Amino acid sequence: MMFPYLFSPVKLGTVEVKNRISFQPHLTNLAVDNLPSERQMYYWGERAKGGAGLIITEELTVHPTDMAYEKLIDVYHKEVIPGFKKITDYVHQFDAHIFAQLNHNGQQGDGSNSRLPVWAPSPIPDVLFRETPKEMEPEDIEEVARYFAKSAIHVREGGFDGVEIQFGHSSLARQFLSPLTNFRSDEFGGSLENRMRAPLKFIAAVRKAVGNDFTLGIRMCADEMIPGGLDLGQVQEICARFEASGLIDFMDLSIATFYNLYLVEGSMHTPLGYTIPLAAGVREKIKLPVFCTGRINDPVMAEKVLAAGQADMIGMCRALICDPFMPKKALEGRLDDIRYCVADNQGCIGRIGLNKSIGCIQNPAVGREKEWGEGTLEKAAVKKKVMIVGGGPGGMWAAKMAGRRGHKVTLYDRNETLGGQVLTAMKGAGRDEFGVIARNEKEQVSKAGAQVKLGVEVTPELVQTEKPDVVIVATGSRPKEHPVGGADGPAVCNVWQVLNGEVELGANVCLIDYDGHQRATATAEFLANQGKTVHMITSSLFIGAELGPTQDLYLSRQRLLQKGVTFTPDIAVMEIAGEAGAKTIKGFNVYSNQWAEWGPYDTVVLAMGQKVNDDLYMSLKGKVPELYRIGDSVAPRKVDMAIWEGHRVGREI
Amino acid sequence: MSYKDLHILVLLREVSDPRPPARVITRGAGISDRGLRRVPNPADLVALEEALVLKDRLGARVTVLAVGPARLDDTLRLAFSMGADRGIRFWDHGLEGGDAVADTRSLARILTILSPTLVFTGNRLADRGDDPVPALAAAAVDMPCIGAAISLTLNKNGVEGLRKGDRGSRQVVAAPFPCAVLFDEGATPRYPSVEAVTASLIASIEEWELADLGLPFWEAGATGAYLATAEYGAPRPDPVRVVTPDPQLPAFERIISLLSGGIKAREGRTLSVSAEDTVEGLWRILSEEGLVT
């Protein structure tokens, strides 16, 4: 066996989990009417089917004052039990265990959903939600403990194998533990012993409610990573005391707070396994099984962490959202078939943060496992000859899905390698991992039986010679021009030309950012890395305006500033003038309407967004029996939609 | 007494090379076979050497016994090349899953059948430590047993063994023939000549099964064992030290240390050295592993 540690059983309390892979708690926004839903059953079930030994549900809210997100499950109502039973029965049939996570978010929420004041140890507003909470009275603390207990009973009656209490990055318990949010002078504040009093009450209440024969653990914040907050040293002490209480069976870990959410859900700019030192640090001090979560996205790394004794259980979240069957593939040694998560964050965190249901740029079936999950793909009734033009992510997905259904598929691309725009995007600074998207699908296309023809420019004549039944156009998009004077002048280029090394650039560059996303910031950093002086002008309020939801904003701006990149926001650029080496830019402030001029620059780089490549589609219209177009060639969007449409058309033709 | 009828039985056991890490199998109790290097138990080879010294001096007959599957033939051939006269490999699938008591029954039967004057083997196994089976088997056939022996003197009716005692003390014990001796230290095993190694390759090894012992199957292996593995807990791996962020550092520096220093999973160590140094380094590793000489 390739991964003996990863696939060895582990005992968590009374439960023996078959392997060391835990699908970690995370919001899904899939609940309906604050009750468990069928979509959740299939969502969690798919990961159990895929081989994860343990599933931990998303946070279930234990008290009416905690409604930080609209689609949380209210676990304190006993109406949740029938839904829980369906979920736990479904998961158990795959020889997996499932725990429920209980949480009260404290001040990390607001009252706009619950219409109640939020409760917290001290009236300190959270940095994201910014609502001043009510300072909890001792009876409030007792009430929350009672609700934790009541909720835990519902969990047990719902058929779960264990319960985890959230003491991590977003939780009332952490707010009690941390000197950053607990300014109380009564028995619940001040000394560490006092700060631990309320969290211990929550644990004790749950332990009493579920009994000694039920697994109970906590998810602790290993380091708040903020001045004045908890650090690893203090957390080691806290964990040792929790262990000494004898009330808990395992120690799950998270990191950071809402001050630095980019550390909770590290994007691809964060190193793989960035939290391993913290898990190892906690594990040094306690004997309970310790979890480690954070960009451990492949079984090889997971095995190393386990073999090195740095953790006892590997928490995987995005890795299994992206490929629910990674554990099974790892067990069977099929590493080539694993679809690795690239931590782009657009589909998962990016959607959840905007209150949409969970998704994944690389896995269209997320949240739709019932319709699109493993085993739902049916062979095509009629075998068709399918011609797919464009080997980007959309084209590759269409080819893979159609091929698996038994169609005779040929995938064409004019380049010498598959990947499309991914191959350009991955050249941006720190975006190398984006290229894994192409790696993930390339093999699958040929494994699905599709033929790949590279270096072929598909023309209407070629289509007529081939006489396919179906043509799928996935010809993508190209950068669009800036519709202002001088945008076609000398020493003006677009981000693609920069990343592909097609142009000579001077030392002093101005990048006009109408994109707000990685296309602009990763290119600016790419230039700064080459030692160029870069100035960025945007009409948005700030540079990187679209990077917030994916948790890329903070570190992207930090790196740009550290590399000397300067920013001017609020400016609509109206004219680009001058010769190479003396380019000037004229524009006005969108709020004050005052005109100003910038320059001189050696080169101007435009990040304007994209326009469709639809020539082939337009010329084929009405001339082939079935014609589809997908992805950017319909309307330039992001890779998630290209994959989504490629997947759907491959399923439907 | 004349020693011309002296018959020494040497029990040779295999152990896993303790140098590479062993992997525990996922289900059940045991060590995974994959990547495991097996070697003859060093103390057993010492016992064999002691027997061969007696053969050289007094003309004793030396029989070597190995209990286990066909791969143990290599150990027996090694014994032949060193000078053993007869080799027996005892194995039967019915022996699988046995405990010390079940294994003792078959060894005791072999002792009865062969009725040697002396039984030699190592005192401890290099990988697992104590093995009670030889002592138990000796007891089962009313044979005295000298444990932890470091040297042996033969006299008229028996042996005198010098053995290790508590806290470095030494003790001489006497026992009559027949007798079992478990060596802790002793003569360094000899190095066989090329001719002897070649000859050992065609030496015939007797293969014995349960039926040859006349032992009913229910007394051997798992069915004959008192102990059964009810549950097996994989060992908790000892942590490899990782540098954890220093709590004394300001938070922003801790973040930098995490984001810059984490484990770099997909990179190996790259060394740039000349071709000569590479060859020398590889040669050293291979000879340390005993793959070249």
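Trainee: Does A:G392 count as buried or exposed?
Mentor: Before we start, this model is predicted: local features need pLDDT of at least 70, side-chain atom pairs count only at pLDDT 80 or more, and totals for chains, interfaces and linings use all residues. Residue numbers run from 1 along each chain as its sequence is written, while chains are lettered from A and ligands numbered from 1 in the order in which they are written. With C-beta atoms placed from the backbone, a residue is buried if 20 or more other C-beta atoms lie within 10 Å of its own, exposed if 12 or fewer, and partly exposed in between. A:G392 has 30 C-beta neighbours inside 10 Å, so A:G392 is buried.

Trainee: In which loop is the place of A:G392?
Mentor: Helices (H or I, at least four residues) and strands (E, at least two) are DSSP runs, numbered from the N terminus. On that scheme, A:G392 belongs to the loop between β14 (385-389) and α15 of chain A.

Trainee: Which residues does A:G392 touch, leaving out those up to four places away in sequence?
Mentor: Two residues are in contact if their C-beta atoms, placed from the backbone, lie within 7 Å. By that rule the partners of A:G392 are A:G419, A:G420, A:Q421, A:V422, A:A474, A:G476, A:G631 and A:A642.

Trainee: How does α15(A) lie against α17(A), roughly parallel or roughly antiparallel?
Mentor: Helix α15 (393-404) and helix α17 (436-447) of chain A pack at about 30 degrees, with axes 9 Å apart. Axes here are lines fitted to C-alpha atoms, for helices over the stretch in contact, and angles run from 0 to 180 degrees between N-to-C directions. Angles under 35 degrees count as roughly parallel, over 145 as roughly antiparallel, 65 to 115 as roughly perpendicular and the rest as oblique. The angle between α15(A) and α17(A) therefore makes the pair roughly parallel.

Trainee: What is the handedness of the crossing of α15(A) and α17(A)?
Mentor: A crossing is left-handed if the near helix is turned anticlockwise from the far one by less than a right angle, and right-handed if clockwise. For α15(A) and α17(A), the crossing is left-handed.

Trainee: How many nonpolar residues has the contact of α15(A) with α17(A)?
Mentor: A:P393, A:M396, A:W397, A:A399 and A:K400 of α15(A) meet A:I437, A:E441, A:Q444 and A:V445 of α17(A). Ala, Val, Leu, Ile, Met, Phe, Trp, Tyr, Cys and Pro count as nonpolar, Asp, Glu, Lys and Arg as charged, and the others, Gly among them, as polar. Beside one polar and two charged residues, the nonpolar count is six.

Trainee: Which element gives the largest share of the side of chain A that touches chain B?
Mentor: Chain A brings 32 residues to the contact and chain B 23 residues. On the chain A side, α7 (232-244), α9 (276-285) and α10 (299-307) each supply at least two residues. That side has 19 nonpolar, eight polar and five charged residues. The largest share is seven residues, and its source is α9(A).

Trainee: Against which elements do the buried residues of α10(A) pack?
Mentor: The buried residues in this helix are A:P299, A:A302, A:K304, A:V305 and A:L306. After α10(A) comes A:G309, with a positive phi near 70 degrees. The packing partners, in chain A, are α9, β12 (291-293), β13 (313-316) and α12.

Trainee: Where is A:N345, with its positive phi, found?
Mentor: Phi of A:N345 is near 70 degrees, although the residue is not a glycine. A:N345 is buried too, as 24 other C-beta atoms lie within 10 Å. Its place in chain A is the loop between α12 (326-331) and α13.

Trainee: Which strand holds A:P600?
Mentor: The peptide bond that joins A:G599 and A:P600 is cis, with omega about 0 degrees. In chain B, the bond from B:F177 to B:P178 is also cis, with omega near -15 degrees, and B:P178 sits in the loop between β11 (170-176) and β12 (179-183) of chain B. A:P600, for its part, lies within residues 595-601 of chain A, strand β25.
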